[in-house]
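Here is my note on the model, point by point. Please read it with the structure open.

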Amino acid sequence: HNKWILGSSEGIHISTDNGITWQPFNVGLNSIDVVSLYLNDENELYAGTNDGVYYSSNFGLDWNYKNSGIPSNTEILNFLRTDDSVLIVGTSNNCFKTSDSGLNWTELSPNLDNRRIPSLANFDNNKLLIGSDSGVFVSEDSTIKYSSKGIAEITVNEFNEIGSKI
């Protein structure tokens, strides 16, 4: 409701006046470098940091570390909601998913061999498109097996969605 939120190298900041002034909202946020953010329909906020995932149930007033199952010192590069219950993160060394609001995370695939995952997209009936530091991968069967898709040895930083096209 008329709030702007940003993640930066100095943590989380929120503006309630269209960006004229900003207030820090970092209580409980031990890792100050915020790399990515995700806000769901229930106003639950996830912050991806250089040290894992933090969660706020009250739009950033306070934060809790929600990193069980993700190795420590893992940078969280992005978030992707694939359906009502599954949230996926691309990290500095693989993809992880949770279906319990971040209480527990599981690695999606050892086939990604500790690749950096700066980009994720959901397409074509819940297939997962993964941009990595060594090309593009696609999950053809609900994030279990991955196959490389033609473009290799380059870093894919971002996918763009236009309607139902990527």
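1. F59 is buried, because its relative accessibility is 13%. Buried here means under 20% relative accessible area, exposed over 50%, and partly exposed in between, with a 1.4 Å probe and protein chains only. F59 sits in the loop between β6 and β7. Its backbone deserves a look: F59 is not a glycine, yet it has a positive phi of about 55°. Most residues other than glycine have a negative phi.

2. On provenance: this is a predicted model, in which local features need pLDDT of at least 70, side-chain atom pairs count only at pLDDT 80 or more, and totals for chains, interfaces and linings use all residues. Residues are numbered from 1 along each chain as its sequence is written, and side-chain values use heavy atoms, with hydrogens and water left out.

3. S57 belongs to the loop between β6 (52-56) and β7 (64-65). S57 counts as exposed because its relative accessibility is 52%.

4. N73 is exposed, because its relative accessible area is 60%.

5. Secondary structure: the protein has 15 strands and zero helices. Both are DSSP runs numbered from the N terminus: helices are H or I with at least four residues, strands E with at least two.

6. The C-alpha atoms fill a box of roughly 45 × 35 × 30 Å along the principal axes. Buried residues make up 43% of the 166.

7. Contacts: among those with a separation of 6 or more, 34% join residues 24 or more positions apart. A contact means heavy atoms within 4.5 Å.

8. Surface: the protein exposes about 8700 Å², and carbon and sulfur atoms supply 46% of it. The areas come from the Shrake-Rupley method with a 1.4 Å probe; for residues, only the protein chains shown count as cover.
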